[in-house]
Amino acid sequence: MTSRARKTAAELRSARWFAPDDLRSFGHRSRLMQLGYSEDDFLGRPVIGILNTWSELNACHGHFPERVEAVKRGVAQAGGFAVELPTLSVDESFTKPTSMFYRNMLAMETEETIRSHPLDGVVLMGGCDKTTPGLVMGALSAGGPMIYLPAGPMLRGHHAGGILGSGSDAWKYWDERRAGNVTDAQWRGLQGGIARSAGICMTMGTAATMTAITEALGLTLPGASSIPAVDSGHARMAADCGRRIVEMVWEDLTPDRIVTDASMRNAAIVAMATGCSTNAVVHLVAMARRAGVALTLDDLDTLGRVTPLIANIRPSGKDYLMEDFYYAGGLRGLMSRLADRLDTSCLTVAGKTLGETLEGAAVYNDDVIRPLSNPVYREGSLAVLRGNLCPDGAVIKPAACDPKYHLHEGPALVFDSYPDMKQAVDDENLDVTPDHVLVLRNAGPLGGPGMPEWGMLPIPKALIRQGYRDMLRLSDARMSGTSYGACVLHIAPESHVGGPLALLRSGDVVRLDLPNRRLDMLVSEDELQRRRAAWTPPAPRFERGWGWIYSRHVTQADKGCDFDFLERDFGAAAGEPDIF
């Protein structure tokens with residue numbers, strides 16, 4: 001690490017609140033004393049904010065009350081003063097219409113919480129899908145020392161002697177239930193066995209993807225993202241975060257020194273090698289733009305073409321879950337196999353380079369973390385498509401779908417709303433064939449709203465009964481990172497704003513050419529012009545509140561769905577608050 005003079009107590013950011021001999025600082029000190037603290041507890045010590053996304057409706061973060069105590073212990077041991085501040089939980093299971101609708105709210109709350117309080121550094125506690133990008137985006141914009149504490153994966157699921165993977169097996173057995181192959185008693189057993197402890201989904205879904213990306217960026221302690229939530233090592237890691245953030249404050253180790261073009265590229269490579277969620281695209285682009293890094297869909301596709309998928313974890317892999325990944329060597333083990341492809345000179349929150357943090361990393365199971373010579377899939381887990389249906393891009397997960405759909409041509413079956421689509425696919429007399437292309441529109445950032453995880457459209461019951469479990473599906477929505485199948489997602493521009501998807505009609509032939517990264521509707525340009533002239537924009541959805549703000553400022557999927565006014569290039573940072 002480049003040496004810098006260590007801060008003095010007088011240079012602490014919190015000293016602006018507590019050190020002056022004036023009336024305002026008298027008030028600040030007296031209010032902390034009102035809470036039972038003495039001046040010895042906080043004067044001249046780094047004040048560490050613990051930003052906690054715990055709630056009683058966020059099962060992924062159910063262990064966070066205990067982990068907060070571990071962080072506080074570490075902060076105190078290092079000579080700091082820890083304060084816990086709650087932030088928006090945006091749990092994936094219960095937040096409607098979708099947690100993605102509120103990711104930017106969490107980012108704004110994180111940034112303003114850090115900026116407006118006497119904090120010298122922060123520990124960010126997250127893990128459930130949108131909490132990781134939301135916290136990181138806000139902290140990047142705030143700019144002070146920060147370290148990310150990932151929730152860790154839950155234990156593997158179990159039922160009737162078999163292992164269950166969260167999300168992936170829910171979709172699998174739901175199809176079997178719709179086919180009449182799963183009884184009520186079996187369904188209740190699956191329900192009780194699929195999520196057995198605190199922690200994030202134990203498949204390589206969005207939550208595990210984003211915590212892995214954050215570690216690859218250098219924003220977690222080495223190996224932190226792989227530790228199971230209820231493992232005792234997770235509590236020790238939490239205390240380590242508390243000790244380390246105090247030192248980061250004295251070192252003035254800020255995220256702009258860590259999140260760079262090179263570390264963002266590292267994160268993208270690691271994402272591809274893990275079999276990452278398609279949601280990684282939206283969040284990676286948004287995080288990069290907050291950091292002033294020009295990361296595009298084309299950059300991600302280029303890396304995807306040359307990065308093999310080596311983590312044999314569901315849903316892109318076949319046999320293993322995150323617990324197995326941890327025992328096999330975890331993310332440090334995986335990155336050690338990619339070291340020649342990574343910029344190992346990048347700085348991390350540990351105060352060491354990425355290369356230094358990988359010293360001693362090993363892989364203990366070559367089937368869980370494959371060697372580069374024997375990948376799960378020869379390319380990375382994501383591909384970016386272009387064409388007259390998606391001029392600004394679309395995303396597909398090739399490794400998680402049947403290869404026969406990599407080249408496919410068939411008639412579209414188009415639905416304008418999720419309820420209409422759901423009613424149709426449950427009709428056993430629906431006129432549909434395996435060659436049809438199932439299409440859902442009006443499900444993007446504005447149309448959803450919030451780009452819900454509707455993209456893994458249910459296979460029509462008429463096909464389920466015939467034994468089919470996959471078909472080509474298109475939407476401007478997202479899908480759960482635990483999902484699988486031939487699903488083209490994030491079509492941009494979305495149909496709600498008049499993107500080409502709005503012009504597609506049932507019966508039009510759609511062609512997917514994955515090797516050449518093309519997605520097109522075989523409709524003449526003259527006909528498309530006639531349809532475009534006849535298209536009318538939908539009525540505004542919101543007249544006030546958060547939805548009103550969101551609908552006027554959210555960007556499209558290819559730009560990360562951040563708010564335009566929060567990106568680095570929009571204007572100068574707010575700076576430190578006045579204290580009078």
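Trainee: Which residue is the bridge partner of Val47 in β2?
Mentor: Phe81 is the partner of Val47 there. Keep in mind that this is a predicted model.

Trainee: How do β1 and β2 pair, and over how many bridges?
Mentor: They run in the parallel sense, over 6 bridges. Strand β1 covers residues 47-52.

Trainee: What's the strand order of the open sheet?
Mentor: The order is β2-β1-β3-β4. That makes 4 strands, with parallel pairing.

Trainee: Which strands stand at the edges?
Mentor: β2 (81-86) and β4 do. Each has a single partner strand, so one side of each lacks a neighbour in the sheet.

Trainee: And what does the twist average from one strand to the next?
Mentor: The average is 20°.

Trainee: New topic. How many salt bridges does the structure hold?
Mentor: There are 39. One of them joins the side chains of Glu576 and Arg13, at 2.8 Å from N to O.

Trainee: Where do Glu576 and Arg13 lie?
Mentor: Glu576 is in the segment after α20 (545-553), and Arg13 is in the segment before α1 (15-18). The pair therefore ties together parts that are 563 residues apart in sequence.

Trainee: Is Arg13 buried or exposed?
Mentor: Arg13 counts as buried, because its relative accessibility is 15% and the cut-off for buried is under 20%. Glu576 has 43% relative accessibility, so Glu576 counts as partly exposed.

Trainee: What about Asp324, which residue does it bridge to?
Mentor: Asp324 forms a salt bridge with Arg156. Their closest N and O atoms are 2.7 Å apart.

Trainee: Which parts of the chain does that pair tie together?
Mentor: Asp324 sits in helix α14 (residues 322-327). Arg156 sits in the loop between β4 (146-150) and β5 (157-159). So the pair ties together parts that are 168 residues apart in sequence.

Trainee: Are Asp324 and Arg156 buried or exposed?
Mentor: Both Asp324 and Arg156 are buried.

Trainee: Which residues do salt bridges with shared partners join into one network?
Mentor: Glu92, Asp129, Lys130, Glu453 and Arg478.

Trainee: Last one. How far apart are the closest N and O atoms of Glu39 and Arg29?
Mentor: They are 3.8 Å apart, and the two residues form a salt bridge. Glu39 belongs to helix α3 (residues 39-42) and Arg29 to helix α2 (residues 23-34), 10 residues apart.

Methods
Residues numbered from 1 in each chain as written. Predicted model: local features only at pLDDT ≥ 70, side-chain atom pairs only at ≥ 80, totals over all residues. Heavy atoms only, no water. Salt bridge = Lys/Arg side-chain N within 4 Å of Asp/Glu carboxyl O. Helix = DSSP H or I, 4+ residues; strand = E, 2+ residues; numbered from the N terminus. Buried < 20%, exposed > 50% of the residue type's maximum accessible area, 1.4 Å probe, protein only. Pairing = 2+ DSSP bridges. Axes fitted to C-alpha atoms, helices over the stretch in contact; angles between N-to-C directions.
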